[in-house]
Amino acid sequence: SSGINAEYGEKRLIQFHMSNLEYACGAQLNGVSAMWWDQHEEYSQFTGDHCLFHRGYSTIAEALAKGLDIRLNQEVSHIDYSGDKVIVRTTKDEFLADKVIVTLPVAIILDVNFHPLLPDWKVHAIN
């Protein structure tokens, strides 16, 4: 039993894919190593060296963030990108930056006052 809560048809589909993977790997999935996945295939599905992130995929984001001034838990109220520097106002502070990456949920992004206003095509995409 896979431990997956699914309907009969879904269970059959999942079982098909698991069986297909076991066939391709020549082993039951509980004996297949992510580290050595398809290492001996002439035309590997995943070319290049294989690796595992022992501390999880967050290590990628952490490495990319080194040296960056990242502010978390800041409620952004205003972003002014009209000048040479971007001004970001939050409920706690005001920051100057060369560039800003906005990662707000769609439901919240239009609550932020942008200056200049976001282009119509962006507003349309958000809506």
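Select D80 to begin: its opposite number in strand 2 is I87. This is a predicted model, so keep its thresholds in mind: local features need pLDDT of at least 70, side-chain atom pairs count only at pLDDT 80 or more, and totals for chains, interfaces and linings use all residues. Residues are numbered from 1 along each chain as its sequence is written, and side-chain values use heavy atoms, with hydrogens and water left out.

Stay on D80 and look towards strand 4, where the bridge partner is H115. Now widen the selection to the strands themselves. Strand 1 covers residues 76-80 and strand 2 covers residues 86-90; the two run antiparallel and are joined by four bridges. Two strands pair here if DSSP finds at least two bridges between them. The link from strand 1 to strand 2 is a hairpin of five residues. Strand 4 (residues 113-115) runs parallel to strand 1, with three bridges between them. While you have the strands up, remember that side chains in a regular strand alternate between the two faces of the sheet.

Zoom out for a moment. The protein chain has four helices and four strands, in the order α-α-β-β-β-α-β-α along the sequence. These elements are DSSP runs numbered from the N terminus: helices are H or I with at least four residues, strands are E with at least two. Colour by accessibility next: of the 127 residues in the protein chain, 12% are buried. Buried means under 20% relative accessible area, exposed means over 50%, and partly exposed is in between (1.4 Å probe, protein chains only).

**Next stop: the largest pocket**

Colour the lining by type and you get 13 nonpolar, four polar and three charged residues. Ala, Val, Leu, Ile, Met, Phe, Trp, Tyr, Cys and Pro count as nonpolar, Asp, Glu, Lys and Arg as charged, and the others, Gly among them, as polar.

**Salt bridges**

A salt bridge puts a side-chain nitrogen of Lys or Arg within 4 Å of a carboxyl oxygen of Asp or Glu, and by that rule there are three.

- Pick D69 and R71: their closest N and O atoms are 2.7 Å apart. D69 is exposed at 58% relative accessibility, whereas R71 is partly exposed at 42%.
- Pick K85 and D98, whose side chains meet at 2.5 Å, N to O. The pair links distant parts of the chain, 13 residues apart: K85 sits in the loop between strand 1 and strand 2, D98 in the loop between strand 3 and helix 3 (106-109). D98 is exposed at 53%, and K85 is partly exposed at 42%.
- Pick R89 and E94, with closest N and O atoms 2.9 Å apart. E94 is partly exposed at 43%, as is R89 at 32%.

Most residues other than glycine have a negative phi, and most peptide bonds are trans. Now select N73, in the loop between helix 2 (58-65) and strand 1: its phi is positive, near 55°. N73 is exposed, at 70% relative accessibility. Then jump to H115 and P116, joined by a cis peptide bond with omega about -5°. P116 lies in the loop between strand 4 and helix 4 (120-126).
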